[in-house]
Amino acid sequence: MPATLTMPVEPVATSRTTATVETPVRAADLLPQPAVPEPHPSPAAVSVADETALTAAFEQELRNAQQAETQLRELKVKAAATALQKGSLAANRSVEEALPWYEKAAELDPASATVQLGLSRLYKETGNLLGAFEAAQKAFAGSHDQQAQSLALESMDQVIVAKTDEPVAPEPAPRSLAEITRLLETNPDNPDLQRDLSIAYDEIGDQHAEQDNLIGALECFEASLMIIGRLATSYPDNTVYLRDFSICQEKIGEVQNALGNGAAAIAAYEESLPIVTMLANRFPDEEEHSFDLKITKDRLAELKAIA
């Protein structure tokens, strides 16, 4: 039997190498990792001495903060007094030069009645009646001195009088109630004539109020309100009609208050408030509307306080 030849088997070479597989980047890997909180010592590890030291440190730091606040207040009051002196000297030359110094003093020491009363006076002289009224209010609220409060109330009254006496554009001589009524018979839809009729009733109501005929005044103001209310409804973008309506409501409120009807007075002012608020927000640069809103809100608060 012939011999079998066995050939050695060589291992098969391969060029294939093991590929490196990369882990895909996740969004979470790109975000800051949350800090690992330091482990708090167990209650047993905190000694009584440590707690006592922390309490003492806190109390000392609190005292330091309070002392710093007191010193800061004192420095501000001192700086305000200096600014007030500077403003007083500047007032001898011009209101415009003095006003910024009084404003600085009021910013540093807003509770000073002396500063606020001086600022109110300067604001009145520059025609800023709303600023003058607010400064007088702050003077009243920030002082317990009877004389200072009296001066503040007097200043507020002067602002209201100045607002009432502001010059207005000349208007034609008012028509009599009978003449307006006659003209409306031939031209009933004329809005100018209707407003004239409302104003005529309003003026007659003022005369009744001056003569203490409160019922007659109330009837006239209510008649005026009905007319101007129709106009304001028909012409909702006419701010003159809207303001007339709010003024008439407040006149009714004052008469109702004088008659002892506090709830009716409050209701009348609450009817006026949304209108004066809307006008003040719509025309923020017109002092007239801002002043109306201030007076309405303050008077409504007074009526609610005494109700």
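A: Happy to; what follows is a chat about this predicted model, going from the overall fold to single residues.

Q: Great. How many helices and strands does the chain have?
A: There are 12 helices and 0 strands. Read along the sequence, the pattern is α-α-α-α-α-α-α-α-α-α-α-α.

Q: And how much of the chain is buried?
A: Buried residues make up 29% of the 307 residues.

Q: What share of the contacts comes from residues 24 or more positions apart?
A: Counting contacts with a separation of 6 or more, 51% are between residues 24 or more positions apart.

Q: Let's look inside. How many residues are in the largest nonpolar core?
A: The largest nonpolar core has 23 residues. Tyr102, Leu119, Leu122 and Val159 have the most contacts inside it.

Q: Which elements give two or more residues to this core?
A: Those are helix H2 (48–91), helix H3 (95–108), H4, H5 and helix H6 (146–164).

Q: Okay, and what does the second core include?
A: The second core is separate and has 16 residues, including Ala217, Leu231, Leu242 and Phe245.

Q: New topic: rings. How many aromatic pairs does a search of the whole structure find?
A: The search finds 2 aromatic pairs. In one of them, the rings of Phe133 and Phe291 have their centres 6.0 Å apart and their planes at 80 degrees, so this pair is edge-to-face.

Q: Where in the chain are Phe133 and Phe291?
A: Phe133 is in helix H5 (residues 129–141) and Phe291 is in helix H12 (residues 287–306).

Q: Are Phe133 and Phe291 buried or exposed?
A: Phe133 is buried, with a relative accessible area of 5%, and Phe291 also counts as buried, at 4% relative accessibility.

Q: What about the pair of Tyr235 and Tyr241: how are the rings arranged?
A: Their centres are 5.9 Å apart and their planes are at 65 degrees, so the pair is edge-to-face. Tyr235 counts as partly exposed, at 37% relative accessibility, while Tyr241 is buried, at 6%.

Q: And which residue lies over the face of Trp101?
A: That is Lys104, at 6.0 Å from the ring centre.

Q: Now charges. How many salt bridges does the structure hold?
A: It holds 11 salt bridges. One of them joins the side chains of Glu125 and Arg121, at 3.4 Å from N to O.

Q: Where do Glu125 and Arg121 lie?
A: Both are in helix H4 (residues 113–126), 4 residues apart, which is about one turn of the helix. Arg121 counts as partly exposed, at 36% relative accessibility.

Q: Which parts of the chain does the salt bridge of Glu288 and Arg243 link?
A: Glu288 is in helix H12 and Arg243 is in helix H10, 45 residues apart. The closest N and O atoms of the two side chains are 3.5 Å apart, and Glu288 is partly exposed at 32% relative accessibility.

Q: What about Lys304 and Glu270?
A: The side chains of Lys304 and Glu270 meet in a salt bridge of 3.3 Å, N to O. Lys304 lies in helix H12 and Glu270 in helix H11 (residues 262–282), so the pair ties together parts that are 34 residues apart in sequence. Lys304 is partly exposed at 45% relative accessibility, and Glu270 is partly exposed at 37%.

Q: Last one: Glu250. Where is Glu250 found, and is the residue buried or exposed?
A: Glu250 is found in helix H10 (residues 239–258). Glu250 is buried yet has no salt bridge.

Key:
Residues are numbered from 1 along each chain as its sequence is written. This is a predicted model: local features need pLDDT of at least 70, side-chain atom pairs count only at pLDDT 80 or more; totals for chains, interfaces and linings use all residues. Side-chain values use heavy atoms; hydrogens and water are left out. Buried means under 20% relative accessible area, exposed over 50%, partly exposed in between (1.4 Å probe, protein chains only). Lys and Arg count as positive and Asp and Glu as negative; His and the chain ends are not counted. A salt bridge is a side-chain nitrogen of Lys or Arg within 4 Å of a carboxyl oxygen of Asp or Glu. Rings of Phe, Tyr and Trp (its six-membered ring) pair if their centres lie within 6.5 Å; planes under 30 degrees apart count as stacked, over 60 as edge-to-face and the rest as tilted. A charge sits over a ring if NZ of Lys or CZ of Arg is within 6 Å of the ring centre and within 35 degrees of the ring normal. A nonpolar core is a set of buried Ala, Val, Leu, Ile, Met, Phe, Trp, Tyr and Cys residues joined through side-chain atoms within 4.5 Å. Contact means heavy atoms within 4.5 Å.
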